[in-house]
Amino acid sequence: MAKFLYRLGRFAFEKRRLVVLLWLGVMAALVAGAANAPTAPPDTFSIPGTESQQAFDLLGERFPGTKSDGAQARIVFVAPDGQQIGSEPNKAAVERIVSDVAGGAQVTGVLDPFQTGAVSKNGTTAYATVSYGVTSDNLADATKTALTDAVDTGKAAGVTVEIGGSALQAKPEMGAATEVIGIAIAAVVLMITFGAFAAAGLPLLTALVGIGVGIAAIVAIGMSTTTTTLAMMLGLAVGIDYALFIVSRYRTERAEGYSAEEAAGRAVGTAGSAVVFAGLTVVIALAGLAVVGIPVLTKMGLAAAGTVAVAVAIALTLLPALLGFFQRAVMPRAFRKAQATDAQTPADGNTLAANPIQAEKPSMGTRWAEFVVRRPVAVLLIGLLGMGALALPVRSLELGMPGDESQPTSTTQRRAYDALAAGFGPGFNGPLTIAVDVQGVGDPKAALAQVSRTLAATEGVVSVSPAMFNQAGDAAMLTVVPATGPSSTETKDLVHALRGEAGDLKASTGATILVTGATAMNIDVSQKMADALLPYLAVVVGLAILLLMIVFRSIAVPIKAALGFLLSVGAAFGVIVAVFQWGWLANLIGVHQTGPVMSMMPIFLIGVVFGLAMDYEVFLVTRMREAFAHGESAIDAIVTGFRHSGRVVVAAAAIMIAVFAGFIGGGEPMIKMMGLGLAAAVFFDAFIVRMTLVPAVLALLGDKAWWLPQWLAKILPNVDVEGESLNRTEAVEPVRELESARA
């Protein structure tokens with residue numbers, strides 16, 4: 001592989017104008033395709049194989065005039081202090097608001113609180129439920145304006161009006177402002193790392209091209225824009241990382257005296273090999289999200305995996321082509337100045353005699369590596385104890401889907417939640433929908449009466465609404481109000497209890513009872529995620545260990561890499577639990593309500609962080625493997641790896657931490673959780689695991705770290721990621737002073 005990539009890098013450098021034009025043509029064609037592609041329908045959230053989804057499908061089939069996944073709004077009315085909501089002026093204001101909202105084009109039904117009895121026992125609070133024929137993503141601006149106008153109308157009449165439900169729910173996004181901040185931070189870190197505008201700019205430029213190509217391709221093939229969020233985030237992350245390592249390797253090769261063209265070829269042949277395998281680990285982790293069995297998550301994973309593949313292709317082709325246009329500009333000022341004034345032709349035709357960079361004093365990374373390898377046992381014990389302590393809160397991990405209760409008190413959704421909980425009890429914020437299939441039942445009404453009595457008698461149920469039959473009379477729908485809030489453990493137990501009673505009811509009435517609704521679906525999502533976690537880990541980690549075994553031709557190194565990743569994830573989840581469940585430092589980052597961790601967080605965090613962690617592992621340890629393969633001792637190879645890659649790994653990690661930490665400032669609790677989790681995981685993995693525990697373990701193992709049984713060595717392909725074949729077989733062109741001056 002090293003020889004192939006070497007030739008590819010030289011070809012891209014030599015034919016740089018052609019390569020750049022080809023990429024511009026590809027991007028233009030994809031952008032044109034995306035512009036002309038029909039608008040893809042938004043992805044509907046579904047969880048195949050769960051009872052909630054079966055119930056939604058039944059309701060969608062038997063109640064054709066409604067959408068089971070349609071948006072809902074719950075308008076909450078609170079009377080002024082000392083007054084009743086049913087008094088004449090307050091009642092008139094409520095009815096006027098309900099009438100105005102009911103006239104909307106997308107409204108399929110409105111339940112008047114005075115007709116349905118949706119008034120609290122103390123008479124101060126009432127609520128109206130509004131159903132829409134479209135999902136919340138498809139609500140027109142006029143429809144949302146009608147809801148916000150209701151607040152103003154109520155205020156004018158002296159009635160407090162708040163809006164809950166999904167109708168005004170903002171779609172969680174990692175917006176453009178966050179991406180811009182991330183790019184700005186990346187530019188600063190790259191400038192500090194390289195000390196040259198061109199060297200700092202090329203990784204940003206190629207990353208942006210990769211995002212443009214990837215996102216345009218996603219839209220052009222008809223995938224919805226909801227799949228682009230993860231693709232944009234990771235496309236930016238790995239695009240910068242991969243270009244950063246190749247540019248760094250190019251500068252190293254030039255500093256050792258190779259010509260610009262030869263340095264580009266060798267950079268792609270060596271660092272490019274690491275990029276290929278690092279990219280493969282990310283693709284495996286993202287494509288592995290299909291194991292979960294949730295279509296939206298599968299599409300997001302595949303879209304992001306495709307964008308990562310584009311980033312790899314751009315790093316191997318477009319980047320060396322651009323290096324051809326900035327051959328000297330990407331080098332440090334000291335190198336350019338020395339080359340211009342005192343360039344010398346090397347005696348062997350391969351390297352320059354004068355090298356101002358090689359005279360640099362040992363870097364901080366080198367000194368750190370030397371410190372670790374001198375005290376590997378102490379460093380390893382301290383690191384393991386620290387990571388273990390950080391992971392302790394994971395024992396209290398609870399999964400769920402945060403709702404309006406986690407919103408800031410400044411939002412109308414949170415105020416509506418609190419008003420309902422105060423007036424009716426916390427369970428009114430998480431009602432359960434009971435779908436009843438009575439097809440073939442002799443007396444459907446009698447069956448529903450028995451179902452209602454049984455459900456109402458279940459411990460934890462506050463009320464059961466009258467059954468609503470469809471036009472055909474073969475299905476009905478009931479609403480069960482729990483005594484506890486939607487994210488509480490008691491509500492989860494109630495859902496399981498109701499489902500447990502369904503079997504007995506079917507035997508006695510012949511009716512099929514299915515429990516669904518937003519609360520039940522969130523419980524099912526959490527369960528499905530928990531069930532998929534171990535299979536996902538087995539698939540992703542197993543394939544990655546095999547891949548890293550091929551890369552490093554070692555058994556110990558891949559296993560160590562996987563175990564280190566688990567430590568990072570455990571510590572990151574410990575931080576998440578401490579902040580979002582226990583409330584530690586919650587006010588500092590704007591978390592207004594503690595609660596369960598988002599059910600998708602474990603799978604999401606594992607998928608994203610595993611890919612990035614293996615990036616750092618591959619880039620850092622590859623240089624150690626290369627030094628060891630070229631004759632250095634195991635201990636010296638560790639220090640050499642840090643000398644060449646430590647600084648750029650730190651830079652790459654700093655960029656990612658800054659980008660992810662920017663999401664902590666978002667308003668949505670889910671975005672805050674993702675930002676904190678990803679930033680913490682990258683910090684732990686890059687600085688504690690890869691930069692501390694890895695060299696300590698390798699120092700203790702010595703030569704055994706690179707041991708591979710002979711029988712396995714014959715089976716595994718030798719991909720030559722360290723580029724040893726380049727030193728043996730590739731002819732290296734002479735570097736001449738005149739050519740260097742022209743570069």
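Okay, let's start with a bit of sheet: strand β2 (residues 107-111) and β3 run antiparallel, joined by four bridges. Strands here are DSSP runs of E with at least two residues, helices are runs of H or I with at least four, and both are numbered from the N terminus. Two strands pair if DSSP finds at least two bridges between them. In that pairing, Val110 sits opposite Val130 in β3.

Before I go on, this is a predicted model, so to speak: local features need pLDDT of at least 70, side-chain atom pairs count only at pLDDT 80 or more, and totals for chains, interfaces and linings use all residues. Numbering runs from 1 along each chain as its sequence is written, and side-chain values use heavy atoms, with hydrogens and water left out.

Back to β3. Strand β1 (residues 72-78) also pairs with β3, antiparallel, over seven bridges, and there Val78 stands opposite Thr125. Is β3 enclosed or open? It's largely enclosed by the rest of the structure, because seven of the eight residues in β3 (residues 125-132) are buried. Buried means under 20% relative accessible area, exposed means over 50%, and partly exposed is in between, with a 1.4 Å probe and protein chains only.

Zooming out, the protein has 25 helices and 11 strands. Of its 743 residues, 55% count as buried. As for contacts (heavy atoms within 4.5 Å), take those with a separation of 6 or more: 80% are between residues 24 or more positions apart.

Now the cores, meaning sets of buried Ala, Val, Leu, Ile, Met, Phe, Trp, Tyr and Cys joined through side-chain atoms within 4.5 Å. The largest has 175 residues, and Leu230, Phe565 and Leu605 are among those with the most contacts inside it. Helix α22 (residues 669-701) gives the largest share, 19 residues. A second, separate core has 24 residues, including Val94 and Tyr132.

What does Leu605 touch, leaving aside neighbours within four places in sequence? Its contacts are Ala572, Phe573, Ile576, Phe610, Gly677, Leu678 and Ala681.

The protein exposes about 30,200 Å², with carbon and sulfur atoms supplying 61%; that's Shrake-Rupley with a 1.4 Å probe, and for residues only the protein chains shown count as cover. Trp582, Trp584, Leu585 and Leu588 make a nonpolar surface patch of about 520 Å². Patch residues have over 30% relative accessible area and no salt bridge, with nonpolar side chains (Val, Leu, Ile, Met, Phe, Trp, Tyr) joined within 5 Å and like charges within 9 Å. A salt bridge is a Lys or Arg side-chain nitrogen within 4 Å of an Asp or Glu carboxyl oxygen. Trp582 lies in the loop between α19 (556-581) and β11 (597-598), and counts as partly exposed because its relative accessibility is 37%.
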